[in-house]
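This report treats a single protein model from its strands and helices up to its domains. Please consult the sequence and the coordinates alongside the text.

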Amino acid sequence: MGSRIRENVKHYFECFCEVVGPQPDGNDAWIIQKFPETYKDEEVLRSVPKFAFPCDFDNSTVQHYSFVLTSHDSKWTFGFCRHDPKSETALVVLSFLPWHESFTKFLNVTAELTHSAQSDELWKFLDAVYQTKVPDPGGSFKIPIHQNGQNHFVCQSPSQFQLPSIPENRNLTEYYNAVDSHNMMVIFASMLYERRIVFTSRRLNRLSACVQSANAILYPMHWQHIFIPVLPSQLVDYLLAPMPYLIGVSNTLLSK
């Protein structure tokens with residue numbers, strides 16, 4: 001079986017969501033607004049709040065992490081999430097593109113525009129990016145952030161069909177800082193032998209970065225089994241699965 005990343009992607013992102021967290025009265029997390037409104041994949045939209053607030057975690061600093069949703073045809077939709085301790089909501093963008101560095105910048109821009117004095121700036125920016133053609137490998141596009149056109153969001157399309165490198169790849173840099181070389185080789189060998197593999201960390205950004213990197217450095221081979229960079233508490237039974245998996249579990253969830 002080949003890559004689980006979709007080809008011929010038409011849009012930089014498929015959907016942008018703002019998600020409010022679980023409430024003290026017991027209400028679960030839910031999406032309070034999304035773009036575009038025409039996005040109607042209800043199965044995906046039901047999953048987003050679970051991954052935006054997967055468990056109890058340290059939210060003392062701005063934190064970016066990623067998750068993956070697997071479709072019926074085994075293709076991946078990447079979710080990129082931004083948490084800010086000053087906000088009760090999380091910003092999430094869904095895309096068929098695994099462009100982690102680019103979506104980190106994109107979410108920082110949308111966070112800035114969310115608090116803009118001009119309420120329509122965010123939606124105009126999202127619409128401009130959504131309507132822009134995905135650049136070819138090595139190409140780029142540039143979209144003005146504010147209506148005065150002074151600042152721009154620049155997206156550079158990464159080269160395809162190659163291993164990630166340091167320092168360009170933030171996930172791999174985090175993986176290198178968190179895991180020693182011996183354990184990296186053990187994890188790599190375990191993936192080749194199609195074992196059940198669990199990563200754990202108290203930080204969601206480090207957790208997802210390590211799982212994503214372990215998968216990325218398997219290239220040119222492709223992991224074909226369960227792949228969950230950050231496991232929501234509602235899906236904890238996946239850890240009992242008899243088939244191979246690569247799963248990231250937060251310390252708080254693992255301790256339970």
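The model is predicted, so local features need pLDDT of at least 70 and side-chain atom pairs count only at pLDDT 80 or more, whereas totals for chains, interfaces and linings use all residues. Residues are numbered from 1 along each chain as its sequence is written, and side-chain values use heavy atoms, with hydrogens and water left out.

**Domains.** The domain assignment gives domain 1 (12-132) and domain 2 (164-255); such bounds come from an automatic or database domain assignment. The centres of domain 1 and domain 2, taken over C-alpha atoms, are separated by 22 Å. To the contact (heavy atoms within 4.5 Å), domain 1 contributes 18 residues and domain 2 contributes 23 residues. About 1700 Å² is buried between domain 1 and domain 2, and carbon and sulfur atoms give 58% of this area. Buried area here is the accessible area (1.4 Å probe) that two parts lose on being put together, summed over both. Of the area that domain 1 buries against domain 2, Pro54, Trp76 and Glu101 supply 28%, more than any other three residues.

**The two sheets.** Helices (H or I, at least four residues) and strands (E, at least two) are DSSP runs, numbered from the N terminus, and two strands pair if DSSP finds at least two bridges between them.

An open sheet of five strands has the order β2-β1-β5-β4-β3, with antiparallel pairing. Because β2 (30-35) and β3 (63-70) each have a single partner strand, they stand at the edges and one side of each is left without a neighbour in the sheet. On average, neighbouring strands of this sheet are turned by 25° against each other, direction ignored.

A second open sheet consists of three strands in the order β8-β10-β9, with parallel pairing. Its edges are β8 (196-201) and β9 (226-228), each with a single partner strand, so one side of each is left without a neighbour in the sheet.

**Helices on the sheets.** Axes are lines fitted to C-alpha atoms, for helices over the stretch in contact, and angles run from 0 to 180 degrees between N-to-C directions. Helix α6 (residues 204-216) lies across β8, β9 and β10 and runs at about 170° to β10.

**The core.** The largest nonpolar core has 77 residues, and Tyr12, Phe13, Phe106, Phe153 and Phe199 have the most contacts inside it. Such a core is a set of buried Ala, Val, Leu, Ile, Met, Phe, Trp, Tyr and Cys residues joined through side-chain atoms within 4.5 Å. Helix α2 (residues 100-114) gives the most to this core, with six residues. The core lies between domain 1 (12-132) and domain 2 (164-255), because both give residues to it. Leaving aside neighbours within four places in sequence, Tyr12 is in contact with residues including Trp99, Phe106, Phe141, Phe153 and Cys155.

**Thr77.** This residue is found in strand β4. Thr77 is buried, with a relative accessible area of 8%; buried means under 20%, exposed over 50% and partly exposed in between (1.4 Å probe, protein chains only). Beyond its neighbours within four places in sequence, Thr77 is in contact with Phe67, Val68, Leu69, Leu94, Ser95 and Phe96.
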